[in-house]
Amino acid sequence: MLIQLLYVSRAAAPQTSTVTASILLASQENNPKQAIGGVLCHGQGLYLQLLEGERSAVNRLFARILLDTRHKDVELLHLQEVERRRFAAWSMAHVELRADDPMILMQHPEFDPYSATGALAMKLVDELCASGHRIQLPGA
Ligand code: FAD
């Protein structure tokens, strides 16, 4: 059974490129073995990550992510079963969340993932991916 899980969290320390790179490296290393794909949005002190894969594999990864001290206030926003994959099972795209992003400003001026509905947060992630904000990892 395939699921998509979306959560938000706050960075425990400044989101330097080193921290982001180490998270993406772990994703690149571990996710393909579990056929997990998705997208990691980061910026503005937040992480917004969509994980997609078999339900038990996604749950195991989410349990690890919950324990990670690089972030806090992890909150599950949305969980849904899906018929088919939207993201390749071996890729974790990443997207930078910028306060001055015209697309976010125009379409979601008040966007706060902690108070938004899960459906709205999913829509934003969809839009970010569709609008070319998505950056593929090298080799992905
Ligand atoms: P180990 O590497 O054995 O680490 C042991 C503990 O230290 C764990 O609690 C781990 O979370 C923590 N830790 C590991 N590296 C660091 C570090 N550099 N600084 C501080 N603490 C650290 N992992 C994935 O495999 N796939 C993902 O898609 C993924 N997405 C993530 C998204 C976010 C926002 C964050 C914060 C982390 C993400 N991680 C992801 C990393 C994940 O939390 C684990 O660190 C990683 O999966 C390795 O797990 P492990 O049990 O082998 O831990």
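User: How are helices and strands defined here, and how many of them does the protein chain have?

Analyst: Helices (H or I, at least four residues) and strands (E, at least two) are DSSP runs, numbered from the N terminus. In this predicted model, where local features need pLDDT of at least 70, side-chain atom pairs count only at pLDDT 80 or more and totals for chains, interfaces and linings use all residues, the protein chain comes to 4 helices and 5 strands, and their pattern along the sequence is β-α-β-β-α-β-β-α-α. Residues are numbered from 1 along each chain as its sequence is written, and side-chain values use heavy atoms, with hydrogens and water left out.

User: Which polar side-chain atoms lie by an oxygen atom of the ligand, and at what distance?

Analyst: A polar contact is a pair of N or O atoms within 3.5 Å; within protein, one must be able to donate a hydrogen and the other to accept it, and residues adjacent in sequence count only if both atoms are side-chain atoms. In this model a polar side-chain atom of Asp68 is 2.7 Å from an oxygen atom of the ligand, and for a polar side-chain atom of Gln49 the distance to a ligand oxygen is 3.0 Å.

User: How many residues line the largest pocket, and which lie nearest its centre?

Analyst: On a 1 Å grid over the protein atoms alone, a pocket is an open set of points where a 1.4 Å probe fits, with protein on both sides within 12 Å along at least five of seven lines, and lining residues have an atom within 4 Å of a point. The largest pocket is lined by 16 residues, with Ile23, Ala26, Ile65, Asp68 and Arg70 nearest its centre. Two or more lining residues come from each of α1, β3 and α2, and α1 gives the largest share, 4 residues.
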